Amino acid sequence: MLELLGTIGANIIGLPGILGLALGMMTRNLMLGAAMGGIVGVIETLIFAHWSFANVEMTELVIAVIIGICAGMLGTAIRIKGATV
Amino acid sequence: MADSPEKRGWIGRVWNAIWTPAVAFSSGFLLLAGFLAGILFWGGFHWTLELTNTEEFCTSCHSMETNLGEYRETIHYNNHSGVRAICSDCHVPHEWNHKIKAKIMAVKDVYHEMVGTISTTEKYEEHRLSMASVVWKKMKASDSRECRNCHNFDYMDFTIQEARAASEHQRAIDNNMTCIDCHQGIAHNLPPGYLERYQEVTETLAGTPQNSVQGQLADSSAEIRSYLTTQAE
């Protein structure tokens with residue numbers, strides 16, 4: 001449980017959370033925002049696995065992608081709500 | 001019909017202010033202010049995080065007195081060169097994602113300090129094996145990542161190592177072993193039955209039946225630890 005919380009927290013203030021949010025804010029398309037966030041989640045997991053799929057832990061990958069998708073969608077929502085362009 | 005601004009509570013007014021386009025500030029001002037605020041926030045956050053990595057912070061809890069005493073007897077605390085590895089060097093990863101995960105998980109240490117899980121010597125000894133197992137599991141799973149921040153097989157000169165150390169390190173490379181396979185208890189005392197528990201940890205991680213990972217275990221880690229402690233004296 002603690003491991004899970006730690007992984008979620010690390011991803012929120014890591015690349016998927018921050019870059020996912022930033023990328024999401026660049027579009028008004030919710031699906032595109034989610035996709036960009038999800039891709040960041042995959043890339044981040046690969047970076048920390050030293051670009052080797054053999055070192056990738058499935059739980060970490062799934063959590064990173066989910067956090068990335070959520071952050072991307074949140075970013076898009078912020079764009080829709082907070083910008084006129 | 002929406003409430004008029006006067007009728008809104010303070011949460012409503014703050015929410016409204018957040019989403020109202022800025023008319024008093026230019027985009028450049030907001031961009032620069034946000035950039036500076038970001039630097040201040042991130043710098044402060046990172047600085048605070050680093051403060052929690054200091055030896056003083058780690059050993060400020062009563063529960064850590066036993067660990068500290070044992071660590072002070074080892075080569076990682078006191079040695080001929082003065083180069084040291086403090087608590088965070090072995091227990092906190094350097095990479096951002098792993099570091100944050102470790103910091104969040106360390107919240108449990110605060111809880112156990114508060115409830116006094118290991119507040120007495122007896123309680124500490126009772127939990128020693130399970131605490132050690134958690135660390136071994138982490139180190140085995142990460143291929144002793146924190147050890148390798150300082151120690152690297154690629155730069156080890158076996159010719160200036162003791163014959164037994166050189167031969168064991170060569171065996172480690174040949175058998176794809178990791179540091180913790182031999183160096184359990186490198187900084188803390190080992191409880192009875194530690195080898196059996198380490199075997200269990202290894203098998204659990206490998207998902208293999210008993211005896212299949214025997215080749216990856218050292219049968220003399222107590223001797224290695226004893227040797228390193230002697231070198232520190």
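Colleague: Before we look at any residue, what does "buried" mean here?

Modeller: Buried means under 20% relative accessible area, exposed means over 50%, and partly exposed is in between. Keep in mind that this is a predicted model. Take B:Glu70: its relative accessibility is 8%, so this residue counts as buried.

Colleague: Which residue does B:Glu70 pair with in a salt bridge?

Modeller: The general idea comes first: side chains of opposite charge can pair when their charged atoms come close. Here the partner of B:Glu70 is B:Arg128, with 2.5 Å between the closest N and O atoms. This pair links distant parts of the chain, since B:Glu70 sits in helix 4 (residues 65-71) of chain B and B:Arg128 in helix 8 (residues 121-141) of chain B, 58 residues apart. B:Arg128 is buried too, because its relative accessible area is 6%.

Colleague: How many salt bridges does the structure hold over all chains?

Modeller: There are 13. One of them pairs B:Lys101 with A:Glu60, whose closest N and O atoms are 2.9 Å apart. B:Lys101 belongs to helix 6 of chain B and A:Glu60 to helix 4 of chain A, so this pair joins two chains. With a relative accessible area of 10%, B:Lys101 is buried, and A:Glu60 is buried at 19%.

Colleague: And how should I read a salt bridge inside one helix, such as that of B:Glu200 and B:Arg197?

Modeller: An α-helix has 3.6 residues a turn, so residues three or four places apart point the same way. B:Glu200 and B:Arg197 are 3 residues apart in helix 10 (residues 194-206) of chain B, which means about one helical turn separates them. Their side chains meet at 3.8 Å, N to O. B:Glu200 is partly exposed, with a relative accessible area of 42%, and B:Arg197 is partly exposed at 26%. Salt bridges can also share partners: A:Glu3, A:Glu60 and B:Lys101 are joined into one network that way.

Colleague: Let's turn to cysteines. How many disulfides are there over all chains?

Modeller: A disulfide is a covalent bond between the sulfur atoms of two cysteines. The count over all chains is 0. For B:Cys61, the closest cysteine sulfur is that of B:Cys58, and 9.1 Å is too far for a bond. B:Cys179 is in no disulfide either, as the nearest cysteine sulfur, in B:Cys147, is 4.3 Å away. B:Cys61 is partly exposed at 31% relative accessibility, whereas B:Cys179 is buried at 17%.

Colleague: Back to chain A: is A:Thr76 buried or exposed?

Modeller: A:Thr76 is buried, because its relative accessibility is 0%. This threonine is part of helix 4 (residues 58-82) of chain A, and its side chain reaches the backbone oxygen of A:Gly72 at 2.9 Å. Beyond its neighbours within four places in sequence, A:Thr76 has contacts that include A:Gly24, A:Met25 and A:Leu30.

Colleague: What do the buried residues of helix 1 of chain A pack against?

Modeller: They pack against helix 2, helix 3 and helix 4 of chain A, together with helix 6 (96-105) of chain B. Among these buried residues are A:Gly6, A:Thr7 and A:Asn11.

Colleague: Which helix gives the most to the nonpolar patch?

Modeller: Helix 3 of chain A does, with 3 residues. The patch lies on the surface and is formed by A:Leu15, A:Leu19, A:Ile39, A:Ile43, A:Ile47 and A:Trp51, with about 550 Å² of accessible area together.

Technical notes: Residues are numbered from 1 along each chain as its sequence is written. Chains are lettered from A and ligands numbered from 1 in the order in which they are written. This is a predicted model: local features need pLDDT of at least 70, side-chain atom pairs count only at pLDDT 80 or more; totals for chains, interfaces and linings use all residues. Side-chain values use heavy atoms; hydrogens and water are left out. Helices (H or I, at least four residues) and strands (E, at least two) are DSSP runs, numbered from the N terminus. Buried means under 20% relative accessible area, exposed over 50%, partly exposed in between (1.4 Å probe, protein chains only). A polar contact is a pair of N or O atoms within 3.5 Å; within protein, one must be able to donate a hydrogen and the other to accept it, and residues adjacent in sequence count only if both atoms are side-chain atoms. Contact means heavy atoms within 4.5 Å. Patches are made of residues with over 30% relative accessible area and no salt bridge: like charges are joined within 9 Å, nonpolar side chains (Val, Leu, Ile, Met, Phe, Trp, Tyr) within 5 Å. Accessible areas come from the Shrake-Rupley method with a 1.4 Å probe; for residues, only the protein chains shown count as cover. A salt bridge is a side-chain nitrogen of Lys or Arg within 4 Å of a carboxyl oxygen of Asp or Glu. A disulfide is a pair of cysteine sulfur atoms within 2.5 Å.
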